[in-house]
Amino acid sequence: MKATVKMMRQTGRFFTVIGLLVLTFCFAMFQGGFVSWFIFFTVLPFLLYSLTLAIIPLRIDNVTRDITPATRERGDTATITVRFDNKSLFPFVFLVVRELDMDERFYHIAGGRSSNLFLVGWKRHFEWTYELENLQRGEHMFSALEMTVTDFFGWVVRKKVIAQPDRLLVYPKTVDMPYTSLQMQYDQGAVAAKYAIVKDTTMVTGVRDYQPGDRFSWIHWKSFAKNGELRTKEFEDRQSQSLFLYMDCATTQHFEEVVELTASMLKAIVKKHGDVAFLSEAERCVFYPAVRTEAQFENVMQHLATVTPNTESSMDMLLRNERQLNNSILLFVTGHITDELKIFLMNSSKYARAVVCFVVVSTEQYKAQKGAAPRFMNAKVVYVTKEMFNHAFAEVNKP
């Protein structure tokens, strides 16, 4: 239907120009005289230009859209550069380029315009740059560019839509927070969270005789090549806290802040080479048994960039990973303590070594809840505001 209306409109404009040409010619023929023919020959070039514009093909190629910077967080500004070439043999007067399907709920277009006007002539290469300010977290899609060409008086208007899909991924805003070993503060006193002794295979401290059960990859092949005896590398032992990070997607209160705190904590742990698993149960469940490499961290961040609240989610998926929870400290991030969560915290000793429940609240709520956090045998509830994110781990160690 839209294509039919578009064709009828263009056909109507074409016949309008022909009608103007016939009308001015008839006027000059029947009226005669210098003035009549002067008007005809004055209008004739514009009418011929419009007729030619109505029938020639529009050749606009090599359309690209560059988005910088490569990594963007909520609140940042993105610079969009559109480039294209005009390969049409006919000189255009005006060319308007417009982005289609722009959703300004998730950003503000600097200057308030998603289009640009070019004076073309014989120019071939074009570039247009604009900015998107105050980006909101999420995946924003670009679909196509609309090229509009018109004559001097707007008698003929030609449009061409060029599909140019692109994706603008905006990550949650993160803050730098120092990550330190967690000390759980219970009513009975301070208790250091349990550690696991692991081999740091990046730090070789020596070699020893091979023993049954040693890993094949630990064999010191240089010494074997010299004397033919199997020797095994010795590594430095280090203490490692095994962490399990769970983001509560069922909460709708302070959800953006919950996502940002989760992303900041994960970034701090991975930066310090911590041992952390991640679980999020939104529209689709995302579980990473270990987040250590940059690629794994990037995958989690992409999920956090697009995650939305899911009020139907529960802690069933969390409890299904009981085996890994038993060996870990659970970091539970939420925006509201529900009755279901209270029951879980009361019985948390069945599932995890220890539980730290971070509850994101407003400044007013923090002042009201200060000193009134629920107390549990194996879990600690920590209220944090957005301004406290950079020392959230330090809040755990406070009595």
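Modeller: Happy to, and let's begin with arginine 292, which has a relative accessible area of 55% and so counts as exposed, the cut-off being over 50%. Please keep in mind that this is a predicted model. The partner of arginine 292 is aspartate 275, and their side chains meet in a salt bridge with 3.4 Å from N to O. Arginine 292 sits in the loop between strand 16 and helix 5, while aspartate 275 belongs to strand 15, so the pair links distant parts of the chain, 17 residues apart. Aspartate 275 is partly exposed, at 23%.

Next comes lysine 267, whose salt bridge with aspartate 176 has its closest N and O atoms 4.0 Å apart. This pair links helix 4, where lysine 267 lies, to the loop between strand 9 and strand 10, where aspartate 176 is found; the two residues are 91 apart. Lysine 267 is partly exposed at 32% relative accessibility, whereas aspartate 176 is exposed at 60%.

Now to aspartate 66 and arginine 83, which form a salt bridge with a closest N to O distance of 2.4 Å. Because aspartate 66 is in strand 1 and arginine 83 in strand 3, this contact ties together parts that are 17 residues apart in sequence. Both partners are partly exposed: aspartate 66 at 34% and arginine 83 at 32%.

Beyond these pairs, Arg65, Glu99 and Asp166 are linked in a network of salt bridges.

Key:
Residues are numbered from 1 along each chain as its sequence is written. This is a predicted model: local features need pLDDT of at least 70, side-chain atom pairs count only at pLDDT 80 or more; totals for chains, interfaces and linings use all residues. Side-chain values use heavy atoms; hydrogens and water are left out. Helices (H or I, at least four residues) and strands (E, at least two) are DSSP runs, numbered from the N terminus. Buried means under 20% relative accessible area, exposed over 50%, partly exposed in between (1.4 Å probe, protein chains only).
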